[in-house]
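Visitor: I would like to go through this model with you, one topic at a time. Shall we bring it up?

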Amino acid sequence: MNDILSLSRFGWLIRKIFIEKTASVFGSMLLCFIVTLVFYGMVMLLQGIAEAQNDAFLVGLTLGGALMASVVFGYFSNDATGVSFLTLPASVLEKWLSGILIIGLYFFLFLVYFRLIDLAFVAQYHHNLNTHSPYYKEQYELVNILRFTDSTAAQNFTMFFNFTGIMMLGALFFNKAAFIKTALVICSILVAGFLLNLFIINLLIKNVQTAFPFSIVWLWVGKERARLDLSSENADIVKIAFRFVLPAILWVLSLLRLKEKEF
Amino acid sequence: MILLDKFCFGYKANSLLYQNLQLSLERGRIYGLLGKNGAGKSTLLKNLIGLLYPTSGTVSVNGFNPSGRQPSFLRTIYFIPEEVYVPALTINNYVKIFAPFYPAFDRTMLNTYLEKLDIQTDKKLNTLSFGQQKKFIIAFALACNTSVLIMDEPTNGLDIPSKKRFRKLISSSMHDDRIIFISTHQTRDLENLIDQVVIVDNGELVLNAPVEVIGQKLSFKIVEENYNEQPVFYEEELLKGRAVIIENTNGLESQINLEQLFNAATENPVMVKAVFNK
């Protein structure tokens with residue numbers, strides 16, 4: 001008997017999870033889609049459509065992905081469900097993949113959904129432009145649908161994979177209120193990282209205004225602000241680390257944590 | 001077969017709940033695990049199913065190390081925790097999605113067990129009372145035909161007629177290739193059901209003996225107030241007189257009272273051990 005991966009057993013597991021967790025999985029997806037739509041509309045009214053596209057994409061993909069990642073391994077908030085999940089005769093890899101599949105499904109559905117609402121909002125924007133305005137062409141070309149291949153989308157994809165990895169790990173570490181506890185850990189790490197980085201930079205360089213880890217240092221030069229960027233070689237290394245290495249580590253750690261999970 | 005060898009477990013490394021526990025459970029028997037609240041009964045059971053890992057020593061269930069939680073191991077063992085989980089599904093749908101994981105599952109048997117436990121419903125399982133949910137899970141677990149069935153406080157939440165049905169069902173579903181291990185602190189629920197008594201206290205195995213051996217070694221009697229013929233392991237005042245447990249020296253077997261046996265083993269472990277180690 002294959003104790004690592006059996007397609008038939010994986011099929012039973014997926015069927016079980018989708019039937020059993022229909023409300024929580026699809027309810028969370030629906031909630032994320034609604035929040036994205038509302039956020040897009042509100043930011044568009046307040047700050048314009050270009051800002052709305054980026055912000056709604058960030059909220060829907062990154063925060064929605066994090067929420068989904070927390071839901072898929074949310075068995076351990078309750079003794080009975082935790083025991084039932086861990087003692088079900090399926091392999092650790094199959095149980096982990098079932099979570100990954102749901103996160104992947106959310107990723108795919110979100111992109112389709114976002115493209116549809118983006119098309120609708122952009123079409124509405126174009127439709128509302130005054131065709132007789134001398135700036136019509138510039139205004140028209142100013143706003144286009146968000147391309148999933150541009151740098152904004154790429155940054156969001158990076159955040160999605162990192163945050164989902166952290167949330168999966170968090171759901172397997174914290175049994176109760178995992179989403180909140182993990183979010184607090186993330187915030188603490190970000191703040192601590194920022195402060196530590198600022199402290200070290202201040203030891204090395206004078207007149208620092210502020211600094212962001214792995215990115216940029218702002219300096220006072222007289223009364224002017226000047227930026228000190230990471231060299232392009234180092235920036236590439238950081239990019240690769242955050243895009244590929246860190247998510248891979250986090251996702252693999254979640255698999256190992258599930259394997260070692262005691263409950 | 002279940003084997004614990006030099007088993008040590010503690011939730012904290014410097015405070016062990018179990019130290020060097022040796023325990024062997026054979027097929028074809030129903031074991032009753034007795035212990036006070038917090039004695040570590042659930043902890044022991046969780047180590048057998050692989051939900052907790054021993055600090056040191058080994059645990060072997062059907063030749064598997066439970067901590068691996070491989071599917072080939074999990075399909076041979078069913079664990080019913082004290083709090084059971086049932087999703088918002090009807091019995092038929094529950095069977096459709098859970099039964100494929102257990103190759104020896106038998107639907108006809110499930111129907112029989114459900115009938116015996118008086119559960120006939122088309123409602124979703126999560127709308128049933130806790131006792132009904134528990135009875136359904138017990139019936140499902142038995143129908144899975146796993147060689148090891150572990151139950152943690154199975155009678156908690158069951159009404160009096162259901163407890164009686166539960167005992168009858170467990171007895172009737174027992175066979176030579178199966179081990180049933182039941183933990184409880186309600187000793188009366190296991191009377192006339194178990195073949196062997198396992199008592200744990202303070203992380204120690206106080207008693208592990210077949211019921212017939214207990215009957216041969218100990219005598220459960222109602223005696224006069226001034227009885228002093230033999231050393232008494234345990235005594236309590238009842239309405240009908242003074243109940244005592246003494247060593248069985250005349251070879252006549254008496255009816256075992258699990259509650260009194262448990263009290264004797266936990267209050268006077270040295271004397272009880274001495275009798276069984278003779």
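Visitor: How do strand E1 and E4 of chain B pair, and over how many bridges?
Guide: Strand E1 (residues 2–9) and E4 of chain B pair in the antiparallel sense, over five bridges. Two strands pair if DSSP finds at least two bridges between them. Helices (H or I, at least four residues) and strands (E, at least two) are DSSP runs, numbered from the N terminus. Please note that this is a predicted model: local features need pLDDT of at least 70, side-chain atom pairs count only at pLDDT 80 or more, and totals for chains, interfaces and linings use all residues. Residues are numbered from 1 along each chain as its sequence is written, while chains are lettered from A and ligands numbered from 1 in the order in which they are written.

Visitor: Which residue stands opposite B:Ile2 in E4(B)?
Guide: The residue opposite B:Ile2 is B:Val61.

Visitor: What is the strand order in that open sheet?
Guide: The order is E2-E1-E4 in chain B, a sheet of three strands with antiparallel pairing. Strand E2 (18–25) and strand E4 (56–61) of chain B are the edge strands, each pairing on one side only. From one strand to the next the twist averages 15°.

Visitor: Turning to E7 of chain B, how many of its residues are buried?
Guide: Six of the six residues in strand E7 (residues 179–184) of chain B are buried, which leaves the strand mostly covered. A residue is buried if 20 or more other C-beta atoms lie within 10 Å of its own, exposed if 12 or fewer, and partly exposed in between, with C-beta atoms placed from the backbone.

Visitor: Which residues point which way from E7(B)?
Guide: B:Ile179, B:Phe181 and B:Ser183 point one way, B:Ile180, B:Ile182 and B:Thr184 point the other way, and all are buried.

Visitor: And what joins E3 of chain B to E7(B)?
Guide: Six bridges join strand E3 (residues 29–34) of chain B to E7(B), and the two run parallel. B:Arg29 has B:Ile179 as its bridge partner in E7(B). Strand E6 (residues 148–152) of chain B also pairs with E7(B) in the parallel sense, over five bridges, and B:Ile150 stands opposite B:Phe181 there.

Visitor: Through which helix does the chain cross from E6(B) to E7(B)?
Guide: The chain passes through helix H6 (residues 160–173) of chain B, and this β-α-β crossover is right-handed. The term applies if, with the strands pointing away from the viewer, the path from the first strand over the helix to the second runs clockwise.

Visitor: Let us move to chain A. How many helices and strands are there?
Guide: Chain A has nine helices and three strands, in the sequence pattern α-α-α-α-α-α-α-α-β-β-β-α. Its C-alpha trace spans about 70 × 55 × 30 Å along the principal axes. Of its 263 residues, 29% count as buried.

Visitor: At what angle do H2(A) and H3(A) pack?
Guide: Helix H2 (residues 22–47) and helix H3 (residues 49–72) of chain A pack at about 160°, with their axes 8 Å apart. That makes H2(A) roughly antiparallel to H3(A). Axes are lines fitted to C-alpha atoms, for helices over the stretch in contact, and angles run from 0 to 180 degrees between N-to-C directions. Angles under 35 degrees count as roughly parallel, over 145 as roughly antiparallel, 65 to 115 as roughly perpendicular and the rest as oblique.

Visitor: What about H3(A) and H7(A)?
Guide: The axes of H3(A) and helix H7 (residues 151–173) of chain A come within 7 Å and cross at roughly 20°. That makes H3(A) roughly parallel to H7(A).

Visitor: How many residues of chain A are in contact with chain B?
Guide: 22 residues of chain A are in contact with 22 residues of chain B, contact meaning that C-beta atoms, placed from the backbone, lie within 7 Å. H4(A) gives the most to the side of chain A that touches chain B, with seven residues.

Visitor: One last topic: where is B:Arg69 found?
Guide: B:Arg69 is in the loop between E4 and helix H2 (71–74) of chain B. Its phi is near 50°, a positive value in a residue other than glycine. Most residues other than glycine have a negative phi. B:Arg69 is buried, with 24 other C-beta atoms within 10 Å.

Definitions and conventions:
Two residues are in contact if their C-beta atoms, placed from the backbone, lie within 7 Å.
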